[in-house]
Amino acid sequence: MIHKTWTEQNTNKKVKCVHTDAKKYTVANVLTVGKEYEVKNESEDYFFVIDESGKMGGFYKEYFEEV
């Protein structure tokens, strides 16, 4: 049940949001272009960060660049 402690985990790295031009999902409401986010977990396709809503979200890596 790792999802219950993600918010308290150490940050693996930081990423910067470079765009919110999603083809399928609306991410402009929860990500801000130019803002840096702390990566709490990572998979092959996703970064898991705390977004603008204050909740943990999984987003495609294409929205970010590593800082």
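A salt bridge is a side-chain nitrogen of Lys or Arg within 4 Å of a carboxyl oxygen of Asp or Glu, and by this rule the chain holds five salt bridges. The model is predicted, with local features requiring pLDDT of at least 70, side-chain atom pairs counted only at pLDDT 80 or more, and totals for chains, interfaces and linings using all residues. Residues are numbered from 1 along each chain as its sequence is written, and side-chain values use heavy atoms, with hydrogens and water left out.

**Figure 1. Overall fold of the chain.** The chain has five strands and zero helices, and its elements run β-β-β-β-β from the N terminus on. Helices (H or I, at least four residues) and strands (E, at least two) are DSSP runs, numbered from the N terminus. The radius of gyration, taken over C-alpha atoms, is 11 Å, close to the 11 Å that the globule rule gives for 67 residues, so the chain is as compact as a globular protein of that length. The globule rule is 2.2 Å times the number of residues to the power 0.38. Along the principal axes, the C-alpha atoms fill a box of roughly 30 × 25 × 20 Å. Buried residues make up 27% of the 67 residues; buried means under 20% relative accessible area, exposed over 50%, and partly exposed in between (1.4 Å probe, protein chains only).

**Figure 2. Salt bridge between Lys-13 and Glu-66.** The closest N and O atoms of Lys-13 and Glu-66 are 3.2 Å apart. Lys-13 belongs to strand E1 and Glu-66 to strand E5, so the pair ties together parts that are 53 residues apart in sequence. Lys-13 is partly exposed at 24% relative accessible area, whereas Glu-66 is exposed at 52%.

**Figure 3. Further salt bridges.** Glu-52 and Lys-35 meet through their side chains in a salt bridge of 3.0 Å, N to O. Glu-52 lies in the loop between E3 and strand E4 (56–60) and Lys-35 in the loop between E1 and E2, so this pair ties together parts that are 17 residues apart in sequence. Lys-40 forms a salt bridge with Glu-38, with 3.7 Å between the closest N and O atoms. Lys-40 is buried, at 7% relative accessible area, while Glu-38 is partly exposed at 37%. Salt bridges that share partners also join Lys-13, Glu-42, Lys-61 and Glu-66 into one network.

Figure 4. Rings of Phe, Tyr and Trp (its six-membered ring) pair if their centres lie within 6.5 Å; planes under 30 degrees apart count as stacked, over 60 as edge-to-face and the rest as tilted. The count comes to five aromatic pairs. Tyr-46 and Phe-48 have ring centres 6.3 Å apart and planes at 45 degrees, so their pair is tilted. Phe-47 and Phe-64 form an edge-to-face pair, 5.8 Å centre to centre with 80 degrees between the planes. Phe-47 lies in strand E3 (residues 46–50) and Phe-64 in strand E5 (residues 64–66), so the pair ties together parts that are 17 residues apart in sequence. Phe-47 is buried at 4% relative accessible area, and Phe-64 is buried at 7%. Ring pairs link Tyr-37, Phe-47, Phe-59 and Phe-64 into a cluster. The charged end of Lys-61 sits over the ring of Phe-47, 5.1 Å from its centre (NZ of Lys or CZ of Arg within 6 Å of the ring centre and within 35 degrees of the ring normal).
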